[in-house]
Amino acid sequence: MRLFTALLAFICCMNSPAFADEIVLGTIFEIKDSQAPTAQEALNGALLAVKKINESSDQNKIKLEVESVSGETIDVLKGVDNLSRSKGIIAATGIISENNALTAAPAFQAANLPFLCSGAQVDSLPHIGTNVFTLAVPDIRTGQLLAEFAGGSMLVNNIMLIRSDLSDSTARQADSFRRRFKQNGGNIMAEMRITEQDPDLSFVSRKLKELTPPENTNSTVLDDTVGVSDFVDSAADITIQKRDAEPARPQVDGIVVFAPARIASKLLNQLQQDQQIFPVLGGTSFDSIAMQESMKEYPATVFYASQASMDREAPLVRSFVESYKALFGQTPQTGYAALGFDSIMLLAAATQKQPSTSETIRNGLGQIKNFDGVSGKISFQGRSAEKPLYIMQVKGKQKSMATMLE
């Protein structure tokens with residue numbers, strides 16, 4: 001309650017009347033749906049960025065207008081309308097999920113307001129119009145990088161691929177991973193597709209059992225009768241068993257999962273319950289508050305993709321984590337906090353040394369190169385940011401950064 005009261009007071013301070021030298025920006029995050037805890041971290045990052053800017057003496061001050069929405073289309077549209085019509089903003093940022101991004105982006109485009117999408121990874125989003133920009137590493141690139149990591153660093157060649165069969169972000173990551181992994185010589189022993197919102201995942205364990213070679217039975221027995229002497233000048237027949245080895249059946253090296261967080265969490269619990277313990281590689285859906293406990297409880301190592309690492313050895317990252325904890329009472333658990341922070345800092349950077357207008361931000365964002373963000377070096381190619389992807393590792397209840405991929 002104390003943290004909520006402090007945050008509410010902080011937001012109210014952000015929404016105080018603007019002064020003449022202030023830039024009015026908007027944020028819109030999914031604080032009212034199932035992704036609320038993760039979206040809250042992204043909003044916290046944005047609030048921290050405003051605080052940092054307003055405490056600096058060499059930057060324009062920021063007034064932040066905050067819209068909290070659910071995942072319902074009408075609610076997202078209402079949030080965009082509130083920001084664009086009545087709040088006086090010149091640009092906006094926010095949204096971490098695909099469906100909400102595909103709703104919000106066209107609405108901002110129609111309102112002629114620059115919108116930097118913080119977390120959604122839809123490759124086609126910038127093609128909606130000249131006002132739409134993206135920060136996160138897109139789905140297709142994420143799948144490719146994870147395939148390179150699986151074969152090159154994780155050293156798994158024989159995998160089971162478990163994936164969403166819906167037309168969503170996780171499915172696009174899975175398709176991209178599958179193509180690159182097979183191009184690199186990887187062997188997908190089984191591909192399990194999830195088509196239901198709340199599936200019975202016991203079929204995964206059954207399939208894994210089928211794929212596991214039985215111990216000490218990998219041979220066939222043939223009877224071969226031969227004649228020998230019994231040393232008393234009579235013949236005796238002795239039957240000798242000859243074993244011919246069957247072709248070796250490969251062992252599953254690891255499990256790769258591209259599924260929504262609630263299903264991925266359920267899957268880890270199912271595998272643990274059925275004692276089917278393998279190293280796991282997950283997509284960006286693993287980088288959510290909902291997945292944290294399930295990954296820590298899983299007995300084997302879990303690797304997953306994240307848009308930022310709070311363990312990266314960089315002064316900016318350490319400063320961000322310390323400031324975040326001081327303001328919100330705990331360290332960020334996902335990379336989305338960094339994306340929220342970087343989004344505001346990028347919008348502010350696009351207005352430096354120029355009049356603060358929507359056109360300034362629209363033109364300025366696309367020209368940013370090598371921006372030093374908490375999520376890494378950021379450069380825009382057109383309206384899409386290029387930045388690193390991070391592979392996080394959870395082992396023995398401890399989380400750390402495995403590597404950074406570019």
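Reader: What should I know about the model before we start?
Author: It's predicted, so local features need pLDDT of at least 70 and side-chain atom pairs count only at pLDDT 80 or more, while totals for chains, interfaces and linings use all residues. Residues are numbered from 1 along each chain as its sequence is written, and side-chain values use heavy atoms, with hydrogens and water left out.

Reader: What makes F177 and F181 a stacked pair?
Author: Two numbers, really. Rings of Phe, Tyr and Trp (its six-membered ring) pair if their centres lie within 6.5 Å, and planes under 30 degrees apart count as stacked, over 60 as edge-to-face and the rest as tilted. The ring centres of F177 and F181 are 5.3 Å apart and the planes sit at 15°, so the pair is stacked. By this rule the count comes to nine aromatic pairs.

Reader: How far apart are F177 and F181 along helix 6?
Author: They're four residues apart in helix 6, which means about one helical turn separates them. Helices here are DSSP runs (H or I, at least four residues), as are strands (E, at least two), numbered from the N terminus.

Reader: Why are F177 and F181 called buried?
Author: Buried means under 20% relative accessible area, exposed over 50%, partly exposed in between (1.4 Å probe, protein chains only). F177 has 0% and F181 has 2%, so both count as buried. Of the 406 residues of the protein, 52% count as buried.

Reader: Which residues of helix 7 are buried, and what do they pack against?
Author: In helix 7 (residues 202–211), the buried ones are S202, V204, S205, L208 and L211. With contact meaning heavy atoms within 4.5 Å, they pack against strand 6 (158–164), strand 7 (187–194), strand 10 (254–258) and helix 8.
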